[in-house]
Amino acid sequence: MFTGIVEELGTLVARAEGPDSAVLHIRAARALEDVALGDSISVNGVCLTVTGVAHDEADGTGVWTTDVMAETLRRSSLGATGVGDPVNLERAVTAATRLGGHIVQGHVDGVGTVVSRTPGDHWEVVRISAPADLARYVVEKGSITVDGVSLTVSALADTPEPWFEVSLIPTTLRETTLGSRAPGDPVNLEVDVIAKYVERLLGARA
């Protein structure tokens, strides 16, 4: 489980493609401070398992390796992430971690698209299109995860195509990939899991 509070920007330094999978090699620093094989790290909102680590004592960074299955590549933006691209990284929470964002599973529900960016005085309003089957889980002032970042929905609409807006503060613009996402770029979306459970339970009751 994660909180949607990005710890650092890593870099995809290599990827090896298989017939139905890929192996990603990601350079990081903070995310590797106490990492062990089998640990979970969120990469742009996708929960991935650490399968290898190589530390570089010279600059305090290292490269960790993870396997990504075809399902994940198809249902997230990781399939289009290229060597040299920055990625948002967050280690799984512990019992002592502050829940600064909201409950994030690292299970991407769908891929949205950046529609527009409107700069403000000290922030930017970013509009993102949402797949129609996810729009019902998005509510104003509710939480949503975009590329692994926990954000509050500031506005939304369902017509003509579903979209929502988030307001990004300078820290988010500076320290996550959302600062450089341009109109047309894909972003991973994870809606609030509680909403999905409530819908399921009410449907069964009905």
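**Pockets and salt bridges**

Modeller: Strand 11 gives the most to the lining of the largest pocket, contributing five residues. Please bear in mind that the model is predicted.

Colleague: What is the volume of the largest pocket?

Modeller: The lining of this pocket comprises 32 residues, and those closest to its centre are Thr-3, Gly-4, Ile-5, Val-6 and Glu-7. Elements that each give two or more residues to it are strand 3 (40-43), strand 7 (86-91), strand 11 (149-157), strand 12 and helix 3 (170-175). The largest pocket has a volume of about 690 Å³.

Colleague: How many nonpolar, polar and charged residues are in the lining of the largest pocket?

Modeller: At least three lining residues come from each of domain 1 (8-91) and domain 2 (110-204). By class, the lining of the largest pocket has 11 nonpolar, 13 polar and eight charged residues.

Colleague: Which residues line the second largest pocket?

Modeller: This pocket has a volume of about 190 Å³. Its lining, too, draws at least three residues from each of domain 1 (8-91) and domain 2 (110-204). By class there are three nonpolar, four polar and three charged residues. The residues are Asn-44, Ser-77, Ala-80, Thr-81, Asp-85, Pro-86, Ser-180, Arg-181, Asp-185 and Pro-186.

Colleague: Turning to the salt bridges, is Glu-165 buried or exposed?

Modeller: The side chain of Glu-165 meets that of Arg-127 in a salt bridge, at 2.7 Å from N to O. This pair links distant parts of the chain, with Glu-165 in strand 12 (residues 163-168) and Arg-127 in strand 9 (residues 124-129), 38 residues apart. Arg-127 counts as partly exposed, at 25% relative accessibility. Because the relative accessible area of Glu-165 is 14%, and buried means under 20%, Glu-165 is buried.

Colleague: Which residue forms a salt bridge with Arg-117?

Modeller: The closest N and O atoms of the pair are 2.8 Å apart.

Colleague: How many residues apart are Glu-71 and Arg-75 in helix 1?

Modeller: Their side chains meet in a salt bridge (3.3 Å, N to O). Glu-71 is partly exposed, with a relative accessible area of 37%, and Arg-75 is partly exposed at 44%. Both lie in helix 1 (residues 70-75), about one turn of the helix apart, which is four residues.

Colleague: How many salt bridges does the structure hold?

Modeller: Side chains of opposite charge can pair when their charged atoms come close. A network of salt bridges links Glu-7, Arg-30, Asp-34 and Arg-91. The number of salt bridges in the structure is 12.

Technical notes. Residues numbered from 1 in each chain as written. Predicted model: local features only at pLDDT ≥ 70, side-chain atom pairs only at ≥ 80, totals over all residues. Heavy atoms only, no water. Salt bridge = Lys/Arg side-chain N within 4 Å of Asp/Glu carboxyl O. Buried < 20%, exposed > 50% of the residue type's maximum accessible area, 1.4 Å probe, protein only. 1 Å grid on protein atoms, 1.4 Å probe; cavity = no way out; pocket = protein on both sides within 12 Å on 5 of 7 lines; lining within 4 Å. Points joined across faces, edges and corners; volume = space filled by probe spheres on them. Nonpolar A, V, L, I, M, F, W, Y, C, P; charged D, E, K, R; others polar. Domains from an automatic or database assignment.
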